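This report describes selected local features of a predicted model. The headings below go by topic.

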Amino acid sequence: MTDTTLSLPEAPEPSPAMKLLRRFLGQKAFVIGTGILAVIVLLALAAPLIAPHDPYLQNLDLRTIPPVWYEKGTWAHPLGTDQLGRDYLSRVVYGARISLLIGVSVVVISGLIGTALGLAAGYFGGRVDLLVTFLVTTRLSMPVILVALAVVAMIGGSLWIVILVLGFLKWDRFAVVMRSATQQVRSLDYVAAAESAGASTTRIVLGEVLPNIAPHLIVVATLEAASAILLEAALSFLGLGVQPPLPSWGLMISEAKAYMFFSFWLIAIPGTALALLIFAINLAGDGLRDVISPEGRA
Amino acid sequence: MGFMRKAVVAGLASTALVSGVLTGVAFAGKSDNTVRFAYDQAPESADPFFNNVRIGVIIGQHVWDTLVYRDPVTNEYKGQLATAWRWIDDRTLEFDLRQGVKFHNGEEFDADDVVYTLNFVAKPENKVVTQQNVSWIEKAEKVDKYKVRVTTKQVFPAAVEYLAGPVVIHPNEYYEKVGPKGQNDKPVGSGPYKVTNYVPGKSITLEKNPDYFRDSPKPAAKIAKVEIRFIPDRQTQMAEAISSGVDLIMGVPKDQADQLKAAPHLQVVSGETMRIVFLQMNTLEGAPSPALKDERVRKAIIHAIDRPTMVKQIVGEGSRVIDTVCFPSQFGCTNDGAVKYDYNPAKAKQLLAEAGYGNGLELDIVAYRERNQTEAVIGYLRAVGIKANLRFLQYAAMRDIIRGNKAMLTHQTWGSFSVNDVSASTPVFFAAGDDDITRDPAVAELLKKGDNSVEPQMRKEAYRKALALIAEKAYAVPMYSLPSYYVAAKDLVFKAYPDELPRFWEMSWK
């Protein structure tokens, strides 16, 4: 890495990939955001190696031990234990898995739905566009939290239900952005060229249009992932999201609510983790947008 | 830590104080002889027959009177609206009524009030919410102005206990005129306190009834006014207690009560209640988890849970482990002859392996209160290879699941409406009623025999056999009795009773 950067100034013309990388590295927000995000992802992936204890293992004799920096803290439980004597560090680390899983799965589901609709609307226009616009308007008129609450209350909460509900509710921004991006690309020469060369619609859409609007897709995806993670935390806090004993951060905050007067770290630790993750995703997303489409800056 | 805690309490108290001042809450109940009490649920109606929450029972016992009064210390029956009673035959109780008692609206108490009330609540079409408290009544008849006879549908020796508890007497002329809705809008009883202000869902104010009859076993009240506010959020209640916005809260979770002990102006009192906790296991045909049909699985579940540690660490002082599904002081409740299952995770695993679930078993558990205790149970089950998924619901929703044969494990609690007789607890869940999800005919028959026999010894024997059979077949996990923690202003004199009924007529200031 050091060698490449050193040799770069001597190169007459850096390759496009190098240019892009430099632009990314020039974005402090992006570097910090991605850095934090990478750490959290690593923690989540390596949870079984990092977590000192089984996150589900309860010991009622060791309840609400404070974190190690308190007088009564112990290195056996660096972040203390919760109200059932489960190791808090292990639960926070495993909680990252749940949050990331939800963020990624929701984005995949809603991204697929939203992108398909947006592409169709932007490419075909006319009646298809009218129909998609109508669907988006309908969807926007439904408050996400309320619908999610109703569905979860009716069929019961579980990790996969939360993912599905959020996935089917959060495609609107994908659809809107993809629609306008496709409309722009649609009228460009290379699409016309592909059309006159006799390429099939599928080929044009997937081969010409999609790659050129992908940067927008990535930006929307990061923002939506952050919002999905927050929504899951909110639902779990209300007792209608992920169900115990799964270590979801929102659920941990909810369970710690009863202890906030006297053991505030129980609420502060998962709260900080959640805030940090959202912060990192948003920073990375913003940086990404600045690099890919600086014209989109507010 | 000591310093930390004090600092935290002081900080909390000051913030809560500020908010208290801002919302105009008056301080110190002693100066105006008013007890401010907060409770987390609001009754759907103030009429005791049309709600089934604890606060309804509390209001009921203060605003109304019953025919008989059970002394909570000696468990002895004393005459309240009745002065004497006797069984005329197996199914007929005769009461001599007290003379000179007046309802809050001036209406005189006599046989007509008793006859009207009992006949009204006994009629299913009047849709009394607490059916199990009144369904035993066949009819009430007036003998003369101060004498009535009550007939039970079947032989029902526990009748006096019910008439000493949930079955209050309404003023007949008023009730006939306004009905249950009117009794909710403007409640009228004969009790030691009368309702002077009631905002449904928000608060109810009781003031001392100056004309309360002297000979009542409820002693003349010293506290002039009781302000009951319905505050659903536990943290708000605690903040109010810390800032002296309320003088009494009850049902405070153990951990929070332990912490509030640090506040110098508060006292924390705990006591056992009649509320028992147990897990039901659905063994009915078509139940969603056939595994529970296997006795070995059910036994494994009992062996997996460390009840003594739960009691010590998360349930709290005043609680005790039970081995049968009833409260120990209830007539007929015994663990004599019932199999005791110790905490033995190794044995639990072995039993599961024998039953063919050595590689794990997944179950749902429904629950509606004391969620931390349910989660502890889930943790213990997980340790022996049973993955239990929590479905935490409102009581009504959980009851529908149970009655609809969709439950697997249930985390049940039952307070028996403070009735000190097994007929109010075990048969509700094991005598083939709506909430029975094991439906063993032998158990049901024994329980019914206990409910409907006259001879006390015969009743006891029938209940003993039924309870032993439930334990032997491991139809349920009897867990423990629940304590109730009260947090009160330090200068309030009060006593905690197992029936979870704070008696404001007994309270005073230091």
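The UniProt record, an unreviewed entry, places the feature "transmembrane region" at residues 29–51, 98–124, 144–169, 217–238 and 258–281 of chain A. In the predicted model, residues 29–51 of chain A are 91% helix and 0% strand. The end C-alpha atoms of that span lie 29 Å apart.

Residues 217–238 of chain A, another of the annotated spans, are 95% helix and 0% strand. Here the end C-alpha atoms are 31 Å apart.

Strand E4 (residues 82–89) and strand E5 (residues 92–97) of chain B run antiparallel and are joined by 6 bridges.

## Helix H16 of chain B

Helix H16 of chain B covers residues 456–472, 17 residues in total. At 1.5 Å a residue the helix should span 24 Å, and because its end C-alpha atoms are 24 Å apart, the model agrees with that expectation.

The buried residues of H16(B) are B:Arg459, B:Ala462, B:Tyr463, B:Arg464, B:Ala466, B:Leu467, B:Ile470 and B:Ala471. An α-helix has 3.6 residues a turn, so residues three or four places apart point the same way. The elements of chain B against which the buried residues of H16(B) pack are helix H14 (426–430), helix H15 (441–451) and strand E16 (476–489). Just after H16(B), B:Ala474 adopts a positive phi of about 55°.

Conventions:
Residues are numbered from 1 along each chain as its sequence is written. Chains are lettered from A and ligands numbered from 1 in the order in which they are written. This is a predicted model: local features need pLDDT of at least 70, side-chain atom pairs count only at pLDDT 80 or more; totals for chains, interfaces and linings use all residues. Two strands pair if DSSP finds at least two bridges between them. Helices (H or I, at least four residues) and strands (E, at least two) are DSSP runs, numbered from the N terminus. UniProt positions are given in the numbering used here, feature names are shortened, and annotations may be inferred rather than shown by experiment. The expected span of a helix is 1.5 Å times one less than its number of residues. A residue is buried if 20 or more other C-beta atoms lie within 10 Å of its own, exposed if 12 or fewer, and partly exposed in between; C-beta atoms are placed from the backbone. Two residues are in contact if their C-beta atoms, placed from the backbone, lie within 7 Å.
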